[in-house]
Amino acid sequence: MSADPTQVLAFETDCHIFDGCGFPAPGLHSFLFEPLWGDGDSNLYFNKTMLLALLGSLVIVGFFWAAFAKPKVVPGKLQMVAEAGYDFVRRGIVYETIGKREGEKYVPFMVSLFFFVWMMNLWSIVPLAAFPVTAIISYPLVLAVIVWVTWIALTFKRHGFVGFFKNITGYDPSIGPVLPLSMTIEFFSNLLIRPFTHAVRLFANMFAGHTLLLLFTIASWYLLNGIGIAYAGVSFVMVLVMTLFELFIQAVQAYVFVLLACSYIQGALAEHH
Amino acid sequence: MSPLVQLAAETENPLVPPIPELVIGLIAFVIVFGFLYKKLIPNINKVLEERREAIEGGIEKAEAAQTEAQSVLEQYKAQLAEARHEAARLRQEAQEQGAALIAEMRAEGQRQREEIIAAGHAQIEADRKAAAHTLRQDVGRLATDLAGKLVGESLQDHARQSRVIDRFLDDLEDKADAPSKAEAAR
């Protein structure tokens, strides 16, 4: 990362094309925030992403509190919307993957997970916030680890110690001499790589999406000089298009994250495969 | 160099998670999960269950009402048919009774007519006899009176004793009867 101060924050530099300054491209620095409180060198600080994460929690709790605190048999508008979201996760994801009988227990967890991820993604296009919390690896990682721990605990509980190893190594004697190799790969794949990919899939999507949005937003501003104004218009249209696209990707990524979590849980509950 | 750039230089790898963010992320998720798990999802599940029951109950009620309406309708139809039968039976009975009454009255009328006629005949016969008797006495007396005036003395006692007049009158009657008998024979 070059340490050119002009590349730090696009909007702080009043720089346009033909003014003799370079394009302040977005980069890793766009995902770093100065602490709002505390010291960045120690582990005691509070920054924008933390604020957004907590605010997001409050938004979700507030929304569902308003909808479900005093639910009616004949629902109002808000309750109907919340019920639709709840039902989507319950029937559309949990029942579909784990099944109704075993899945009912995991519905609250999966609903929380879905709306949490979605809300954190949504911050990306909320004015003033304008940053997807899940584009910071910590947040997806926490969630992935919770799912991972649940999965391991469930596998142990369901299959016992030997069953656990058979389950995560995909033990299957019928495949013959390649069994040790297969078991090694499966072991690493399931136990170590799985939580990593689970977290990184979400993180990278939101990271890339935010970078694209930044790129076109910065470009719209940077090109706003002379003949560049025409291109700035194109860039701004791209901002709108990308915002809509992000809106879609945010929901899809939340869906995928929860779907994977469900399929892991389902794998733990299933008999040896 | 600004502090932000220093920070960027220190933690360049975006895949290395800082501890505070992990903690806050965990807290944020636990808040959401806690509220949904402890209160809100049990709440809505209860209401969804109630709604399902209400809908099923409603359907059951409607079915019960329909069955009842059907049975009541059949009952009414049965009663209506019965009433029609009853009415027909009553009409039949009334007709029969009416016919019987008419026949009875006719018989009664006939009987009364015959009685009246018979009484009339008897009366006429009695009157005739009485008239004939009276006439006979009168004729006898008149004849005796007339003959006494002609003879100059009262013949009444003698006539009564001798029954002359009666004999005479009997003869007269016989003579009067003869031509009518001859006429009847002819």
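User: Which element of chain B gives the most to the side that touches chain A?

Analyst: Let's look at the contact first. It takes 36 residues from chain B and 43 residues from chain A. On the chain B side, the elements that give two or more residues are α1 (3-10) and α2 (19-151). With 23 residues, the one that gives the most is α2(B).

User: Which element of chain B has the lowest mean pLDDT?

Analyst: Chain B averages a pLDDT of 85, and 86% of the residues score at least 70. Among its elements, α2(B) has the highest mean, 92. Where pLDDT is low, the predicted coordinates should not be read in detail. The element with the lowest mean, 52, is α1(B).

User: Over to chain A. What is the helix content over residues 106-130 of chain A?

Analyst: UniProt, in an unreviewed entry, places a "transmembrane region" feature at these residues, and another at residues 50-69. Over residues 50-69 of chain A, the chain is 95% helix and 0% strand, with the end C-alpha atoms 27 Å apart. Over residues 106-130 of chain A, the end C-alpha atoms are 32 Å apart and strand is 0%. The helix content there is 64%.

User: Are α2(A) and α4(A) roughly parallel or roughly perpendicular to each other?

Analyst: Here α2 covers residues 77-97 of chain A and α4 covers residues 107-122. Their axes come within 10 Å and cross at roughly 115°. An angle of 65 to 115 degrees counts as roughly perpendicular. The two helices are therefore roughly perpendicular.

User: Which residues in α4(A) meet α2(A)?

Analyst: The crossing of these two helices is right-handed. By class, their contact has nine nonpolar, one polar and one charged residues. From α2(A) come Gly85(A), Tyr86(A), Val89(A), Arg90(A), Ile93(A) and Val94(A). In α4(A) they meet Val107(A), Met110(A), Val111(A), Phe114(A) and Phe115(A).

User: Finally, what ipTM does the model score?

Analyst: Two scores are given for the model as a whole. The pTM is 0.70. The ipTM is 0.87.

Notes:
Residues are numbered from 1 along each chain as its sequence is written. Chains are lettered from A and ligands numbered from 1 in the order in which they are written. This is a predicted model: local features need pLDDT of at least 70, side-chain atom pairs count only at pLDDT 80 or more; totals for chains, interfaces and linings use all residues. Two residues are in contact if their C-beta atoms, placed from the backbone, lie within 7 Å. Helices (H or I, at least four residues) and strands (E, at least two) are DSSP runs, numbered from the N terminus. UniProt positions are given in the numbering used here, feature names are shortened, and annotations may be inferred rather than shown by experiment. Axes are lines fitted to C-alpha atoms, for helices over the stretch in contact, and angles run from 0 to 180 degrees between N-to-C directions. Angles under 35 degrees count as roughly parallel, over 145 as roughly antiparallel, 65 to 115 as roughly perpendicular and the rest as oblique. A crossing is left-handed if the near helix is turned anticlockwise from the far one by less than a right angle, and right-handed if clockwise. Ala, Val, Leu, Ile, Met, Phe, Trp, Tyr, Cys and Pro count as nonpolar, Asp, Glu, Lys and Arg as charged, and the others, Gly among them, as polar. pLDDT is the predictor's confidence in each residue, from 0 to 100.
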